[in-house]
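Here is a friendly note to read with the model open beside you. Take the points in order and find each residue as you go.

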Amino acid sequence: MSDDAALWTALADPHRRAIVALLLQRPRSVGEIVEACGLSQPSTSKHLRVLRQAGLVRARQDAQRRVYALDPAPIAALDAWLAPYRRLWNASLDALGRRLEESPDAPPHPLTED
């Protein structure tokens, strides 16, 4: 599986996305992730393995426990890949906004004064 495919596969699962969101706040031990996500320890470990293989997280030993942290590089690559689509979406929303403002039945814009 390519690196890109592994990244998308890893992020396709809602439990793994929840783990990524949790690790966005700060690095956490497996126990903390288990508690926060409400998953079993074996299930959490499997999800963490997929995330680690995709390069999204890295682990370090801290005495008897493993602490997981996000690796920002794959997230940056994903953001770069999404950038053209984000521009397309923003352009479409801007056009819709202009069209609505031109409509004679359009309600006043909430950010402008009457």
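1. Some ground rules first. Two strands pair if DSSP finds at least two bridges between them, and strands (E, at least two residues) and helices (H or I, at least four) are DSSP runs numbered from the N terminus. This is a predicted model, where local features need pLDDT of at least 70, side-chain atom pairs count only at pLDDT 80 or more, and totals for chains, interfaces and linings use all residues. Residues are numbered from 1 along each chain as its sequence is written, and side-chain values use heavy atoms, leaving out hydrogens and water.

2. Now the sheet. An open sheet is built from 3 strands in the order β1-β3-β2, with antiparallel pairing. At its edges lie β1 (28-29) and β2, each of which pairs on one side only. Strands of a sheet pair through backbone hydrogen bonds, either parallel or antiparallel.

3. Look next at β2 and β3, which are joined by 6 bridges. Val57 has Leu70 in β3 as its bridge partner, while Asp62 stands opposite Arg65 in β3. The two strands form a hairpin with 2 residues between them.

4. Which residue in the turn has a positive phi? Ala63 does, at about 60°, and Ala63 is a residue other than glycine. Ala63 counts as exposed because its relative accessibility is 70% (buried means under 20% relative accessible area, exposed over 50%, partly exposed in between, with a 1.4 Å probe and protein chains only).

5. How many salt bridges does the structure hold? There are 4, a salt bridge being a side-chain nitrogen of Lys or Arg within 4 Å of a carboxyl oxygen of Asp or Glu. One of them links Asp62 and Arg65 (3.1 Å, N to O). Asp62 is partly exposed because its relative accessibility is 30%, and Arg65 is partly exposed at 40%.

6. Glu32 meets Arg26 (3.1 Å, N to O), and Asp79 meets Arg86, with their closest N and O atoms 2.8 Å apart. Arg86 is partly exposed, at 37% relative accessible area.

7. Finally, turn to the surface, where Lys46, Arg49, Arg52 and Arg66 gather in a patch of positive charge. Such patches join like charges within 9 Å, and nonpolar side chains (Val, Leu, Ile, Met, Phe, Trp, Tyr) within 5 Å, using residues with over 30% relative accessible area and no salt bridge. Helix α4 (residues 41-53) gives the largest share, 3 residues. Arg52 is found in helix α4 and counts as partly exposed because its relative accessibility is 33%.

How values were computed. Areas by Shrake-Rupley, 256 points an atom, 1.4 Å probe, with all protein chains shown as cover. Lys, Arg positive; Asp, Glu negative; His and termini not counted. Charge placed at Lys NZ, Arg CZ, Asp CG, Glu CD.
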